[in-house]
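Visitor: Could you walk me through this one while I have it open? I'll ask as we go.

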Amino acid sequence: MYKVFVNDKPLFLTDKIEKETDFQLFLLDSVDIDKIIIKYFQNKIEKAFLYHPDEKEILKKIKEKIPVQKAGGGVVFNPKGEILFILRGGKWDLPKGGIEKGEEMEETAIREVEEETGVSKLKIVRKLPKTYHIFKRNGKYRLKITTWYKMTSTFDGPLVGQIEEDIEQVAWLNKEQIREAMNNSYENIKLLIDELGILKDE
């Protein structure tokens with residue numbers, strides 16, 4: 001099952017027919033995906049499932065219906081165990097951005113972290129789960145698929161938010177600060193932080 005966020009609300013892509021209770025179920029092959037997305041943005045849908053019998057085909061089918069934008073990003077740890085966050089549009093986010101022609105995804109992730117935060121000396125530790133969300137640009141809906149990497153950096157210089165990307169603040173946050181920041185973040189970012197077990201009580 002895939003979890004795609006639309007207007008920060010979940011759209012599940014599934015190969016199992018669930019009994020409807022607090023959500024709506026649609027058949028992927030016959031549905032007008034744009035209509036569902038519009039309903040999400042109008043707050044008429046809180047949660048929905050898109051069904052297709054073959055799980056391997058689900059993402060392929062979605063990509064046929066919505067143009068894809070690929071991006072790479074980093075969950076960057078410093079030697080103190082703090083994580084690098086950016087504040088944009090009043091919400092806490094992690095640095096990421098679109099892939100450029102000829103780049104490998106690892107190169108995209110490192111470049112975007114450097115450009116958005118001013119942090120260098122980045123080393124990739126391992127790949128993390130991808131996240132999926134649908135956004136609107138120039139009147140068209142797009143599916144952003146972000147490949148994330150756990151990274152480390154010994155950089156201790158000034159943090160510089162990329163002005164062109166409207167980044168208001170860059171900060172290394174400790175566990176307690178991250179817990180607070182998650183009250184004002186995106187569902188995809190919460191998923192990643194959960195995946196890494198950062199806020200689990202020792």
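Visitor: What does the domain assignment give for the protein?

Guide: In this predicted model, the assignment, where bounds come from an automatic or database domain assignment, gives domain 1 (1–63) and domain 2 (68–194). The C-alpha centres of domain 1 and domain 2 lie 26 Å apart, and the contact (heavy atoms within 4.5 Å) takes 14 residues from domain 1 and 13 residues from domain 2.

Visitor: Before I go on, what should I know about numbering and cut-offs?

Guide: Residues are numbered from 1 along each chain as its sequence is written. Because this is a predicted model, local features need pLDDT of at least 70 and side-chain atom pairs count only at pLDDT 80 or more, while totals for chains, interfaces and linings use all residues, and side-chain values use heavy atoms, with hydrogens and water left out.

Visitor: How many helices and strands are there in the protein?

Guide: The protein has 5 helices and 12 strands, where helices (H or I, at least four residues) and strands (E, at least two) are DSSP runs numbered from the N terminus. The C-alpha trace spans about 55 × 40 × 30 Å along its principal axes.

Visitor: And what is the radius of gyration?

Guide: The protein has 18 Å, which agrees with the value near 17 Å that a compact globule of 202 residues would have; the radius is taken over C-alpha atoms, and the globule rule is 2.2 Å times the number of residues to the power 0.38. Among contacts between residues at least 6 apart in sequence, 69% join residues at least 24 apart.

Visitor: What does Leu50 touch?

Guide: Not counting residues up to four places away in sequence, the contacts of Leu50 include Leu11, Phe12, Leu13, Thr14, Phe26 and Ile62.

Visitor: Switching to α3, which of its residues are buried?

Guide: The buried residues of α3 are Met105, Thr108, Ala109, Arg111, Glu112, Val113, Glu116 and Thr117, and what covers them includes β5 (68–77), β6 (83–88), β8 (96–98), β9 (122–127), β11 and β12 (167–173). Helix α3 (residues 105–117) reaches 18 Å from its first C-alpha to its last, close to the 18 Å expected, a figure that is 1.5 Å times one less than its number of residues.

Visitor: Is Lys96 buried or exposed?

Guide: Lys96, in strand β8, counts as buried at 12% relative accessibility. Leaving aside neighbours within four places in sequence, Lys96 is in contact with Gly72, Gly73, Arg88, Glu112, Glu116, Lys144, Thr146 and Trp148, and the C-alpha atoms of Lys96 and Glu116 are separated by 7.8 Å.

Visitor: Where is phi positive in a residue other than glycine?

Guide: One of the cases is Asp8, with phi near 65 degrees, which lies in the loop between β1 and β2 and counts as partly exposed at 28% relative accessibility. Asp166 also has a positive phi, of about 60 degrees; Asp166 is found in the loop between β11 and β12 and counts as exposed at 54% relative accessibility.

Visitor: Last one: which residues does the UniProt annotation "domain: Nudix hydrolase" cover?

Guide: According to the unreviewed UniProt entry, that annotation covers residues 67–196; UniProt positions are given in the numbering used here, feature names are shortened, and annotations may be inferred rather than shown by experiment. In the model, the span is 22% helix and 43% strand, and its end C-alpha atoms lie 29 Å apart.

Key: Buried means under 20% relative accessible area, exposed over 50%, partly exposed in between (1.4 Å probe, protein chains only).
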